[in-house]
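Student: I'd like to learn how to read aromatic pairs and surface patches. Can we go through an example together?

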Amino acid sequence: MYYYIYDDFIATPKLQVKLADLESKLALLGIKGPVSRLHALTNINEVMRRAVVRGATTVIVVGDDRSLLKVLNALPNKKIVVGLITMGPQVTLARKLNIETVKAGIEAAAGRKLVPVNTGMINKFAFLQNVTITGGPFTAILDGTLTIKSDHPQSTISIVNPQLAFSKDKSSLFEAYLTPLKGRWSIGKVREEQISKLNFGKLVLKSQTSMEVVADGSKMINNKAITIDIVENAARLIVGRGRPEGNTIKQE
Amino acid sequence: MFEKVEHQTTIIGEGIKLEGDFSGQGDLELYGELKGNISITGRLKVGPNARVIANITASNAEVEGMIKGKVSITNAIDILSTGNINGDVIAQEITIAKGAAINGKVHIDMKNNISASTAIKPEKVKE
């Protein structure tokens, strides 16, 4: 059964015509289903629980990248298929899944082309694409075996999910890029030899100063310690037709 | 259509210190410091300012920096002019540039008898 979750910003008068048009197209395709509308006080975990109780096997989010992440963070089990119909400002993820427009999202929802995706967990928050961490000096433990210490007073660590990035290294592990930040009075650019690149399954990161963390475009609470894990095949996403280069996801 | 390829390139940049046993199926480029053991099936590159205190096993190597430990290379090792190896070296081919330094035994095994049994087993290198 298809179950629809409308994010809170969809409730604006500007989008009501689009929404009505969407609902009629879904009805024509025979994939209409119950709807839950999110608002500021909604508990998304409760919404997902109710969806499962009502028999939902496919949850379609109407919103943008952030909406999809809200649902992925509340997914009760891996059996639920998740789709997205984009109506909103943040569409980077939707573009990578080839569902950037409303029309593409509807066609994808009806076509049900599924791909299993890995997600990252950063202190129990799921992310799909990338995390940027700024702080330092860093100490990290990679996969429980390797200890990494950085001499640089301030660095940026960019963590990327290669499934959803145009990465040459096609692996199920995440990639971490550590780039030192130049001080205000430093001259010259960061050289290539100063940038580190690592693949990991689990990363424990500590910093002597509070870290600024941005996960999939959302800012997180500053911390001095972060744990990043990979959850393999954490979710099955509906994707659109065609596939960008560099994507390693196997079709089901 | 979509292959899961495990070959990865790991880069340890300048100013980064790594401790522990590093192993994998890909290439490793070292521009910082590493203490431990290295066992990779790919290519090892040791940059000019890199400092490695480790026993090393790799398929190929290019050395511009400092290594203290035993080096076992399945194919070829190039020791460039700024390279400095303090330990024994085993490889099928060795190229040593003018200015490079090796303080240890050098064993060139052109029949490629370097196998798992002759490869160096991981053990702690004394600093």
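Student: Are Phe174(A) and Phe200(A) buried or exposed?

Tutor: First, the ground rules: this is a predicted model, where local features need pLDDT of at least 70, side-chain atom pairs count only at pLDDT 80 or more, and totals for chains, interfaces and linings use all residues. Residues are numbered from 1 along each chain as its sequence is written, chains are lettered from A and ligands numbered from 1 in the order written, and side-chain values use heavy atoms, leaving out hydrogens and water. Now, Phe174(A) and Phe200(A) are both buried (under 20% relative accessible area; exposed is over 50%, partly exposed in between, with a 1.4 Å probe and protein chains only).

Student: How many aromatic pairs does the structure hold?

Tutor: A pair of rings is described by the distance of the centres and the angle of the planes. Rings of Phe, Tyr and Trp (its six-membered ring) pair with centres within 6.5 Å; planes under 30 degrees apart are stacked, over 60 edge-to-face, the rest tilted. Over all chains there are three pairs. One of them, Tyr2(A) with Tyr4(A), is stacked, at 6.4 Å centre to centre and 20° between the planes. Tyr4(A) is buried, at 1% relative accessible area. The centres of Phe174(A) and Phe200(A) lie 6.4 Å apart with planes at 70°, so that pair is edge-to-face.

Student: Which residues form one aromatic cluster?

Tutor: Phe127(A), Phe174(A) and Phe200(A) do.

Student: And what about Met110(B), buried or exposed?

Tutor: Met110(B) is exposed, with 68% relative accessible area.
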